[in-house]
Amino acid sequence: MQGGITRDKSTTCAIYLLKLVGVWMSTNSAEERHRRLALSWTFFALFYSTYLNVVDVTHNLDDLSHCIFSITTILCVALSMFKMVILTFRKMEYKEIILYASKNFWNVDYEHEEKKLYTKYQSLCTLWIIAVCSFTKASVLFYACSPISENIGKNKSERELPFKMWVDLPLSETPYYEIVYTIQALCVYQVGAAYMCSDCFLCVLNLHVICQFRMLHWKLSNMWPSVNEQTNMNEYANKCYKTLIICVKKHQSLIEFCNKLENVHTIMLLGHMVVFSLLMCFDTYEVFLAEVPTTTRLIFFFHMVGSYIHIIFLTYSCDGLIEESMNISTSMYSVLWTVLPMNNIGIMIRRNIKFIIMKSLNPCCLTAGGFFPITMRTATALMSSTMSYFSLMRQSSNRVE
């Protein structure tokens, strides 16, 4: 056996985001206080951001570009709030998922071939985290920094905030401006973390489950040593049966884990699928058609690219879950079970093989509210819907002009 493998950078980053928004499990009273404080701050940031943008829309109904800017922000905040509410109500199930992953994925002594597979998927998880975090943080950064470029050359009385507040207060004066700006910038950062935390962790878990299915495939393919004339078939069958029982238990635990993932995330995935095309349509409009400042255009550009990467990788990981869980039946049927003697052990091995094949024909998958499974076809369908909405908006704007 090789040395134990601990959490990698991608898992550490995903856990940091969950701790930041207050949905990670606590192990003592101090951590529980910190978790509740972080959760309270997250919901304050979400409600505060929603209030600012709803009021802003009501005061700019005659400006289509600005309304779309605010509505897009409201949709992102509403989706983040939707995810946070679900994670809060399902925190016990989420805790079970975390504990299982920690015990069976991250802190395990793997064999050499299994360690190679694990390292490969670690690299893929790290690549995913770097990509999605980079674009999301860039979008959040431009949200917070766009007023700085807008305020260059203006008087202190004309300074702008990231989100305009329609109140009769001297918010452009020092120190009120600096205080409100800091609060809004921190809220933007917190909303960004809430928007991406659950999906980041889900994709990391999906890739680890795919890796576990591939390890199981390797074990099943290599559990049958070569047979020759001198092989004692009874001892051979006994060794194969012991290994097969371990594989059956592993297969059952992975199926149960996937069911827990489905129970927690299915409604969140449905919400994300519903608003994704609309968000991408608004992002594309702001980038290519709207007359907005460069900083605003960059906000939507990074959000658009990051969201496309997000949906492609999310559907890729869910699609891989289906494929690898079904491949177990192929690897199981291809082993040397035909050479086993027809004694009690041989008959039990054949029954277990039949059981694994039957379970594998019903693949593990994540669905959008139980309506349809998430696959790569889901990504292409969403992108097609986005282009249809964008074409409709472009035609409507041309008619208005």
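**Before selecting anything**

The model is predicted, with local features needing pLDDT of at least 70 and side-chain atom pairs counting only at pLDDT 80 or more, whereas totals for chains, interfaces and linings use all residues. Residues are numbered from 1 along each chain as its sequence is written, and side-chain values use heavy atoms, with hydrogens and water left out.

**The whole chain**

Followed from the N terminus on, the elements run β-α-α-α-α-β-α-α-α-α-α-α. Along the principal axes, the C-alpha atoms fill a box of roughly 95 × 55 × 30 Å.

Switching to a surface view, the accessible surface comes to about 19,900 Å², with 61% of this belonging to carbon and sulfur atoms; accessible areas come from the Shrake-Rupley method with a 1.4 Å probe, and for residues only the protein chains shown count as cover. Of the 401 residues, 50% count as buried, where buried means under 20% relative accessible area, exposed over 50%, and partly exposed in between (1.4 Å probe, protein chains only). Among contacts (heavy atoms within 4.5 Å) with a separation of 6 or more, residues 24 or more positions apart account for 81%.

Phe44 counts as partly exposed because its relative accessibility is 42%.

Leaving aside neighbours within four places in sequence, Phe43 is in contact with Met81, Met84, Val85 and Thr88. The C-alpha atoms of Phe43 and Ala194, which are 151 residues apart along the chain, are separated by 9.4 Å.

**Helix H8: His303 and Ile322**

Next, select helix H8, residues 294–333, where Ile322 has its place and where His303 is also found. His303 is buried at a relative accessible area of 13% and, not counting residues up to four places away in sequence, touches Cys76, Ser139, Tyr195, Met280 and Asp283.

Ile322 is likewise buried, with a relative accessible area of 17%. Beyond its neighbours within four places in sequence, Ile322 is in contact with Pro363, Cys364, Cys365, Pro373, Ile374 and Thr375. A distance drawn from the C-alpha atom of Ile322 to that of Met196, 126 residues apart along the chain, reads 23 Å.

**Salt bridges**

The structure holds nine salt bridges, each a side-chain nitrogen of Lys or Arg within 4 Å of a carboxyl oxygen of Asp or Glu. Select Glu93 and Arg90, whose closest N and O atoms are 2.9 Å apart; Glu93 is partly exposed at 29% relative accessibility, and Arg90 is partly exposed with a relative accessible area of 29%.

Moving to helix H5, residues 112–150, select Glu113 and Lys116, which lie three residues apart, about one turn of the helix, and form a salt bridge with closest N and O atoms 3.9 Å apart. The side chain of Glu114 meets that of Lys219 in another salt bridge (3.6 Å, N to O). Glu114 lies in helix H5 and Lys219 in helix H6 (residues 176–222), so this pair ties together parts that are 105 residues apart in sequence. Glu114 counts as buried at 6% relative accessibility, whereas Lys219 counts as partly exposed at 32%. Finally, Glu32, Arg35 and Arg36 are linked in a network of salt bridges.

**Cysteines**

The count of disulfides (pairs of cysteine sulfur atoms within 2.5 Å) comes to zero. For Cys125, the nearest cysteine sulfur, that of Cys211, is 8.6 Å away, and Cys125 is buried, with a relative accessible area of 0%. For Cys318, the nearest cysteine sulfur belongs to Cys203, 6.8 Å away, and Cys318 is buried with a relative accessible area of 0%.

Terms used
Helix = DSSP H or I, 4+ residues; strand = E, 2+ residues; numbered from the N terminus.
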